[in-house]
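Subject: Structure handover

Hello,

Here is the structure I promised to pass on. Please open it first; my notes follow below.

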Amino acid sequence: MSAFEWKLKGRCYRLGHDVPHAGGVIPNRLIVGRHFDARDLVPHLFAETDPGFHERCKPGDIIVTGRNFGMGPKMNGYIAMQALGLGLVCESMPFLAYRAAVGCGLRVMTDCVNATEICETGDELEIDFRNGFFINHTRDIRREYPPLPDSLMEIIELGGNTGWLRKWHADRMAATDATPAQDRD
Amino acid sequence: MGMTAVEKVLALKSGVKSVRAGEVVEPDPDFIMIHDGVVMGAKRELDALGIDRLAAPDKVLMVTDHDVIYGSARAAERGAFNREAARQWGVKNFFDVGRGGHGHVFPMETGMLLPGMFYFDNDRHATNAGAIGAFGFRMGSEISRVLATGTNWVMVPKSVRLRIKGRLRPGVHARDLGFHIATLVAQGKLDIDLDYRVLEFAGDLDQFNLAARTALCSSPTEMRAYGVFVPPSAEILAYAQAHATRPFTPVYADADARYEADAELDVSRLEPQIALPGGVHKAVDLSEVAGTAVSHAFIGSCGSGMYDDLLTAATMLKGRRIAPGVRLFIAPGSEVSTRRMAREGLLQIFIEAGALMLPAGCGPCNDAVIGPVHSGEVSISTAANNNSGRFGARDAQLYLGSPATVTASAIAGRITDPRTFATG
């Protein structure tokens, strides 16, 4: 677990308020078509608003959004962000969108008040999702935002819900194997 | 400082003295519900991880309500898959085709879901539990974690309170009130945010029976409420007691509970409402669209599929026929209701009126697996919502009304005030 990198350092990609998940983040047809494979989703991240985004972004880049980001409890866009190694910082997002992002293992922070007012696309940002530290190196601005709740960090460290379940199952199997034979049913 | 209803239930089920909105807990549910549309995804996910046993198969309710009559080979294949999944998982509470009905209706009617309970569900319409004074939380695809481990993390939602003042007039239904509340919230005229909130009702609630309380849960859910709670009245407690399959303890908010918002709404002058195509939050007085011709009508869904809703429709239809050119679908919420309708003559009334009886379940209000609308058609129904394409062509016009309004409109062939019939 110690290898997981909670701190991201990269370029800012700033978006406005009320960006919906369908269309604003990823084309609706991929949501309706129930595409969950990152290989299918990555080429289409922000495709309707910024074609080619997935080729220009780099691991560590941070998407900073305004209020009410990603409406809809869908995971597709966050799967693509996670696969690209991006982070997400939002002024606010509907809770179920936040839950979907956590479930995909995306490094995400919400309730970051006025975050879009202290950065521009292209700024050099450094975000520590474990403690909520936000640094804009380009503008020499520092903020401290609400970090992820402790209980959700493990899900993200393990790559999301599926990774969490995989570990849970492996731990249970290991415990069963360690149980003396006479104690088993 | 006291707790709201949801805080009290989640504290109780999480084994702690108190919780506050924003805390993360892992409650131990009274049961776990999964419907026919998502069993395949959950089973395949767990199988791929090597997880072949559920944490608590005795707590699992599998319900077939979304696609009851297989209209395609794919649906039949899914039904077969689900039956095999139930067998492999050891799920005994498997309410397959013809066995239970709508998963958000029949557990309340049959005393499985009782006041004070908490359960996990894959589906967001689990909010209906609030009608009987319980909570059901939507997990979406994360229901697989609940199945495997018995629980999942929950962030305790904030609660908002709406105090109802006055009585609805005759001919005005709780569903009308639901559309009205959604519209006031959307327009900012009720200063409450419903996103991931629990909407707790208060005030003059004794006028609402279980069916009406179920109707009240519907529209806030479409406005992204995560829970709705109607504190159980003496009538509701008596109903629960009479049907209970196990002991229960009702839960009420503390008098000094803290709410994010506290609003009041006088309902005594409310008119029958029509939700215009595009959302439950686009409601207007029925008089504004009266006379609009319709060709498709539907009574049922999680919002209006209780026996009393069907009784309202049958009472109006008795001795009448629906208008030429209109097809009216009736989808009871439960097999219990279907049997009672047969015993009490309601089925006869519907059939003689020219309505089409569907099996208990979601009816057309699920991806149009049955009874869809065609391009350009105009529909009026009690569906959970009327978002574009909800049950058929995206360019169809989907209006919503109360069961009484839909019935009156099906008889007249155009959107009609139900009081027209009530007053003769």
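**Where the chains meet**

The contact draws 13 residues from chain A and 14 residues from chain B. On the side of chain A that touches chain B, helix 5 (95-103), helix 6 (150-157) and helix 7 (161-178) of chain A are the elements that give two or more residues. Helix 7 of chain A gives the most, with five residues. By type, the residues on that side of chain A are eight nonpolar, four polar and one charged.

Keep in mind that this is a predicted model.

**Chain B overall**

Chain B contains 13 helices and 18 strands. Its C-alpha trace spans about 55 × 55 × 40 Å along the principal axes. How does the radius of gyration of chain B stand against that of a compact globule? For 424 residues, a compact globule would come out near 22 Å; chain B has 21 Å, which agrees.

Burial points to 56% of the 424 residues in chain B. As for contacts in chain B with a separation of 6 or more, 76% of them link residues 24 or more positions apart.

**Around strand 2**

Start with strand 2 (residues 31-35) of chain B. Four of its five residues are buried, which leaves the strand mostly covered. Strand 2 of chain B has two parallel pairings to look at.

- With strand 5 (residues 118-121) of chain B, strand 2 of chain B pairs over three bridges. Here Phe31(B) stands opposite Tyr119(B).
- With strand 3 (residues 60-63) of chain B, strand 2 of chain B pairs over four bridges. Here Met33(B) stands opposite Leu61(B).

What lies between strand 2 and strand 3 of chain B in the β-α-β unit? Helix 2 (residues 39-48) of chain B does, and the unit is right-handed.

**The four-stranded sheet**

Four strands of chain B form an open sheet, in the order 10-9-8-11, with parallel pairing. Which strands stand at the edges? They are strand 10 (227-229) and strand 11 (261-266) of chain B. Each has a single partner strand, so one side of each is left without a neighbour in the sheet. From one strand to the next, the twist averages 20 degrees.

Within this sheet, strand 8 (residues 158-165) and strand 9 (residues 197-203) of chain B pair over seven bridges, in the parallel sense. Ser159(B) has Val198(B) in strand 9 of chain B as its bridge partner.

Helix 1 (residues 5-14) of chain B lies across strand 8, strand 9 and strand 10 of chain B. It runs at about 105 degrees to strand 10 of chain B. Helix 7 (residues 210-222) of chain B packs on the sheet and touches strand 9 and strand 10 of chain B. The direction of helix 7 of chain B makes about 150 degrees with that of strand 10 of chain B.

**Two covered helices**

Helix 1 of chain B is mostly covered, with eight of its ten residues buried. The buried set includes two charged side chains, Glu7(B) and Lys13(B). Among the others are Val6(B), Val9(B) and Leu10(B). Just after this helix, Gly15(B) takes a positive phi of about 70 degrees.

Helix 12 (residues 403-412) of chain B has ten of its ten residues buried. Among them are Pro403(B), Thr405(B), Val406(B), Ser409(B) and Ile411(B). Just after helix 12 of chain B, Gly413(B) takes a positive phi of about 80 degrees.

Ala211(B) is in helix 7 of chain B. Is Ala211(B) buried or exposed? A residue counts as buried if 20 or more other C-beta atoms lie within 10 Å of its own. Ala211(B) has 27 within 10 Å, so it is buried.

Which residues does Ala211(B) touch, leaving out those up to four places away in sequence? They are Met306(B), Tyr307(B), Asp308(B) and Asp309(B). Ala211(B) and Met306(B) are 95 residues apart in sequence, yet 5.5 Å apart in space, C-alpha to C-alpha.

Over to you.

Best wishes

Technical notes
Residues numbered from 1 in each chain as written. Chains lettered and ligands numbered in written order. Buried ≥ 20, exposed ≤ 12 C-beta atoms within 10 Å, placed from the backbone. Pairing = 2+ DSSP bridges. Right-handed = clockwise from strand over helix to strand, strands pointing away. Axes fitted to C-alpha atoms, helices over the stretch in contact; angles between N-to-C directions. Contact = placed C-beta atoms within 7 Å. Rg over C-alpha atoms; globule rule 2.2 N^0.38 Å.
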